[in-house]
Amino acid sequence: MKTNYLIVAALFTVIVVTACKTKKEINGATPAATETPATTAPASPQADHTSPQIEKGKLDTLFASIEQTPCHGTCPTFRFNIYSTGYAEYEGIRFTERDGWFKTWISSDHMEEIQEMAQRIGYFKMNERYEDPFITDFPSTITAYKLDDRYKQVVNVHHETPEALKQFEKLLLHVMNQSEFIPLDVKDH
């Protein structure tokens, strides 16, 4: 009888271990905005001065990002990550003009503009959250910025938001909307 319990327990363990896969293994998802992602960016699709060339295997880290979370209605839900080399990825999740994964390259002028604004508005000194706990249906706008070894993420649930943060969000959205996206093959991700 004891042997039967051991066999059942061993079988159950094998099934659980083999059946459980992480979201990343299943969907090929990128790191969450709360992490400081580091990936090896693919080589530039163009060999001109607007697309930085990356040495094979060079580590590329998050530079800036903006994410819009869902609400109970039809709020656009997306994620846009810009990496230190200018490589960027967009994920349209729902109620967006483009659904799915896309990639692009951000110009050095836009990268400098983001860096200058983050420094000018004191992004690293901002609160980590701007929210009203009684408001539950508003989507959050989550921005992140990394400079050298400093990383900051700000969650904005649109309550008493400083004008400077709104301007930073608008700049990231402008850069995103000015980008020419290329569909990202799932196997590239």
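Visitor: Which residue does R129 form a salt bridge with?
Guide: R129 pairs with E131 in a salt bridge (a side-chain nitrogen of Lys or Arg within 4 Å of a carboxyl oxygen of Asp or Glu), and their closest N and O atoms are 2.6 Å apart. This is a predicted model, in which local features need pLDDT of at least 70 and side-chain atom pairs count only at pLDDT 80 or more, while totals for chains, interfaces and linings use all residues. Residues are numbered from 1 along each chain as its sequence is written, and side-chain values use heavy atoms, with hydrogens and water left out.

Visitor: Is R129 buried or partly exposed?
Guide: R129 counts as partly exposed at 45% relative accessibility, where buried means under 20% relative accessible area, exposed over 50% and partly exposed in between, with a 1.4 Å probe and protein chains only.

Visitor: How many salt bridges does the structure hold?
Guide: The structure holds three, and one of them joins E67 to R79, with the closest N and O atoms 3.5 Å apart. E67 lies in strand β2 and R79 in strand β3, so this pair ties together parts that are twelve residues apart in sequence; strands are DSSP runs of E, at least two residues, and helices runs of H or I, at least four, numbered from the N terminus.

Visitor: And which side chain meets R79 at 2.5 Å, N to O?
Guide: That is E91, which is buried with a relative accessible area of 15%.

Visitor: New topic: which residues are buried in α3?
Guide: M111, I114, M117, A118 and I121 are buried there, whereas D109 and R120, on the other side of α3, are exposed.
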